Amino acid sequence: MNQWPGLIEAYRDFLPVTTETPVCTLFEGNTPLIPSKIIGPALGIDLYFKYEGLNPTGSFKDRGMTMAISMAKGEGARSVICASTGNTSASAAAYAASNGLKCVVVIPKGRIAAGKLAQAIAEQALVLAVDGNFDEALEIVRYLTDKYPIKLVNSINPYRLEGQKTAAFEIVDQLGEAPDILAIPVGNAGNISAYWMGFCEYLEKGRSTKRPSMWGFQAAGSAPIVLGHKVDNPETIASAIRIGNPVRWRQAEDAVSESNGLIEMVTDDEILKSYEDLAGEGIFAEPASAASVAGVSKFVHQRGVKNGAKVVCVLTGHGLKDPDAVGLMANKVQPVKATNEAVEELLDAGGILA
Ligand code: F0G
């Protein structure tokens, strides 16, 4: 078979796997780096989108999950568990199902996007909705995994970061060099930490000659790292990053300071504006993903980034994950009578028939 082998085989030399490790893959990774046609030129930068929504379950979580599930399986685990704002649960459920493991997902009740919940249910996970937020769900999962032989597959699990760092490798392989800036949404802060590991390793191994500045963005209502304290009731339209006490907090701060980067917040309005701007480039990403673009749009000039700088925004999840978010956009569906004349009249009024 002549196709992309999945990221464990593609980057085996960089991963803590052995010949004994069962490779549990859904052929994740190898996602496109899409040059921006509109947003980048308007900002005067050379902007690219790393479109992680094109992974098998529609988010970057698959990179971490192929590693976490392979290692769990190799260690003889029979079941896995995670807390989730949605994407981790969808990914864990899919990788567990296809490898004969039971999967339990603990989610904040009523607070995860419809597409993500549908995935976890379709993949036969045991879905538990707690009356609480993500941080509380994660506490429960940590308690259970300390006590019972069930594998935790949140990004506290170091193998998750090992898998996710391969996205940094791909960016360098695709660009031929590390970018000047890597912009990324921050929730539990695992992904920003993983990218930084990846860029550092590639530099050490001589695959690049520099590392990017890491720019992390939290949503204004859920910005513990920016504010410097936990947030008890995190709020944002970007439900994926609605997290008040990130597990990889310290590591994210280190990545930002070592890379001379920044961690800042963007408002829900700024996120939705960038969500629309991305759609205008033909790219449908979920609201949390748009936080990276919102951050770049807001800070590129403020921080004096030079014209033509190479900037990569990580688009972490597919827009189809969160169909309800579209309802918040300005253009809505127009009802029309099922006649030629009625449709013609509407198009004419919109200047489309001219
Ligand atoms: N973007 C999306 C689409 C996410 O689903 C997440 C995290 C992030 C960004 C932030 O990544 O947590 O590594 O800083 N989602 C987790 C979940 C928490 O449960 O799916 P992070």
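Helices (H or I, at least four residues) and strands (E, at least two) are taken as DSSP runs and are numbered from the N terminus. On this assignment, Ala-72 belongs to helix α3, which spans residues 61-74. The structure is a predicted model, in which local features require a pLDDT of at least 70 and side-chain atom pairs count only at pLDDT 80 or more, whereas totals for chains, interfaces and linings use all residues. Residues are numbered from 1 along each chain as its sequence is written, and side-chain values use heavy atoms, with hydrogens and water left out.

The ligand sits in the largest cavity. A cavity is here a set of points, on a 1 Å grid over the protein atoms alone, where a 1.4 Å probe fits but cannot get out, and a molecule is said to sit in a cavity if more than half of its atoms lie within 2 Å of the grid points of that cavity. The elements that give two or more residues to the shell around the ligand are α4 (87-97) and α9 (190-204). There are 21 residues around the ligand, of which Ser-84, Gly-187, Asn-188, Ala-189 and Thr-316 come nearest; a residue is counted as near if one of its heavy atoms lies within 4 Å of the molecule. Divided by class, this shell holds eight nonpolar, eleven polar and two charged residues, where Ala, Val, Leu, Ile, Met, Phe, Trp, Tyr, Cys and Pro count as nonpolar, Asp, Glu, Lys and Arg as charged, and the others, Gly among them, as polar.

A backbone N or O atom of Asn-188 lies 2.7 Å from a ligand oxygen atom, and a backbone N or O atom of Thr-85 is placed 2.8 Å from an oxygen atom of the ligand. For Gly-190, the distance from a backbone N or O atom to an oxygen atom of the ligand is 3.1 Å. Taken alone, the ligand exposes 470 Å², and the protein buries 99% of that, with accessible areas computed by the Shrake-Rupley method with a 1.4 Å probe and, for residues, only the protein chains shown counted as cover.

Burial of individual residues was classified by relative accessible area, with buried meaning under 20%, exposed over 50%, and partly exposed in between (1.4 Å probe, protein chains only). Ala-72, at 1% relative accessibility, counts as buried, and its C-alpha atom lies 38 Å from that of Ser-274, a residue 202 positions away in sequence. Gly-198, found in helix α9, is likewise buried, at 0% relative accessibility; Gly-198 and Lys-165 are 33 residues apart in sequence and 4.5 Å apart in space, C-alpha to C-alpha.

In strand β8 (residues 213-219), Gln-218 is buried with a relative accessible area of 0%. A polar atom of the Gln-218 side chain lies 3.0 Å from the backbone nitrogen of Ile-225, and the side chain of Gln-218 also reaches the backbone nitrogen of Val-226, at 3.3 Å.

The loop between α10 (224-227) and α11 (249-258) contains Gly-228, and Gly-244 lies in the loop between α10 and α11 as well. Gly-228 is exposed, with a relative accessible area of 54%, whereas Gly-244 is buried at 0%. Between Gly-228 and Ile-243, 15 residues apart in sequence, the C-alpha to C-alpha distance is 14 Å; between Gly-244 and Ala-93, 151 residues apart along the chain, the C-alpha separation is 24 Å.

Backbone torsions were also examined. Most residues other than glycine have a negative phi. Asn-30, however, has a positive phi, near 60°; Asn-30 lies in the loop between α1 (7-10) and β1 (33-35) and is partly exposed, with a relative accessible area of 43%. Asn-260 also has a positive phi, near 55°, and is located in the loop between α11 and β9 (262-266), where Asn-260 counts as exposed at 65% relative accessibility. Helix α14 (residues 340-349) is hardly covered, the count of buried residues among its ten residues being one, and α14 is followed by Gly-351, whose phi is positive, near 75°.

Technical notes: A polar contact is a pair of N or O atoms within 3.5 Å; within protein, one must be able to donate a hydrogen and the other to accept it, and residues adjacent in sequence count only if both atoms are side-chain atoms. On a 1 Å grid over the protein atoms alone, a cavity is a set of points where a 1.4 Å probe fits but cannot get out, and a pocket is an open set with protein on both sides within 12 Å along at least five of seven lines; lining residues have an atom within 4 Å of a point.
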